[in-house]
2 protein chains.
Amino acid sequence: MTQEGPMPQDRLTLVFSALADPTRRDIVARLAVGDATVNQLAAPYDVTVQAVSKQIKVLEDAGLVSRSRDAQRRPVHLEAGVFDLMTKWIERYRQAAEERFTRLDAVLDQLDRPQPGSAEPAAAQREQGAAS
Amino acid sequence: MTQEGPMPQDRLTLVFSALADPTRRDIVARLAVGDATVNQLAAPYDVTVQAVSKQIKVLEDAGLVSRSRDAQRRPVHLEAGVFDLMTKWIERYRQAAEERFTRLDAVLDQLDRPQPGSAEPAAAQREQGAAS
DNA sequence: CGGTTATTCAACCGACAGGTTGAGGAGGAG
DNA sequence: CTCCTCCTCAACCTGTCGGTTGAATAACCG
């Protein structure tokens, strides 16, 4: 409850944390089929409704779902936008890792230059030694 | 080596949990540039080396990184494969959510609801079985 | 109105994650 | 051989997480 400055970094933490729980991922899977109320979402699990309500709160804080109002019910809706945030983050490092893998021999060849931090990022990592 | 993949579900939990921590995501970012030793990875943070060693263990258990051997050092290497697992999971539900969004009017027509959006999305109230 | 349904709030609790210190093992460097 | 470096293991502390029960709020139903 200490959320005043919503940084994108914090949001990623919230999203990944939210999806780290199997039950919450399952809830997301159900919501992909269609909106559902808290009671409906809680039905398949052997936990109390309050527990599921908390889980939904976590998903909501992460921006993965939203809640509207229908009489006493609070239909939960899956939000697509946040997935893009994750995909972007993942793709960045996946591509980097794959690129380094496929270009391994070329990189090793280029590494002989003792010039850190300019055109060859891998060299900077390699030459790092006397850092505080 | 535990090659017995219990379930892709469990692996997803490990991966999401691993990336839920900002420090571990930062470590992944550094490893995208190039392999690094534990000491190098621990340098920027004000925590002990042991703590970072634990973090790397978490990343390793999730399959995000691997460790080789170079004298006393254990260079940490970013593994690209696991990112595909996440991307697949995310894309699945992102597409579902977006599809439901773009088909909203058709759905509303089917539901016989003259009220768009937040009024009464309660038609999803039908008995839903175990999806997916 | 009183009663029921749907959901959340509050306080509490066991388990676990992430940090620390302290010790120990593997492998150069002198 | 001895020392020093790099790293991991073990025990311990602490805050957060996921769950519970109990009560409160909101809106419908008769």
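The legends below accompany close-up views of a predicted model in which protein chains surround a DNA strand.

View 1. Chain A contains 7 helices and 2 strands, and from the N terminus its elements follow the order α-α-α-α-β-β-α-α-α. Of its 132 residues, 40% count as buried, while the accessible surface of chain A amounts to about 7,700 Å², with 52% of that area belonging to carbon and sulfur atoms. Among contacts in chain A between residues at least 6 apart in sequence, those joining residues at least 24 apart make up 42%.

**View 2. The protein surface near DNA strand D.** DNA strand D is surrounded by 22 residues, of which the closest are Arg24(A), Lys54(A) and Gln55(A) from chain A, together with Ser53(B) and Arg67(B) from chain B. By class, this surface has 9 charged, 9 polar and 4 nonpolar residues.

**View 3. Polar approaches to phosphate oxygens of DNA strand D.** A polar side-chain atom of Arg24(A) is placed 2.8 Å from a phosphate oxygen, whereas Asn39(B) approaches a phosphate oxygen through a backbone N or O atom, at 2.8 Å. The elements that give two or more residues to the surface near DNA strand D are helix H4 (49–61) of chain A and, in chain B, helix H3 (38–42) and helix H4 (49–61); H4(A) gives the most, with 4 residues.

Methods:
Residues are numbered from 1 along each chain as its sequence is written. Chains are lettered from A and ligands numbered from 1 in the order in which they are written. This is a predicted model: local features need pLDDT of at least 70, side-chain atom pairs count only at pLDDT 80 or more; totals for chains, interfaces and linings use all residues. Side-chain values use heavy atoms; hydrogens and water are left out. A residue is near a molecule or strand if one of its heavy atoms lies within 4 Å of it. A polar contact is a pair of N or O atoms within 3.5 Å; within protein, one must be able to donate a hydrogen and the other to accept it, and residues adjacent in sequence count only if both atoms are side-chain atoms. Ala, Val, Leu, Ile, Met, Phe, Trp, Tyr, Cys and Pro count as nonpolar, Asp, Glu, Lys and Arg as charged, and the others, Gly among them, as polar. Buried means under 20% relative accessible area, exposed over 50%, partly exposed in between (1.4 Å probe, protein chains only). Contact means heavy atoms within 4.5 Å. Accessible areas come from the Shrake-Rupley method with a 1.4 Å probe; for residues, only the protein chains shown count as cover.
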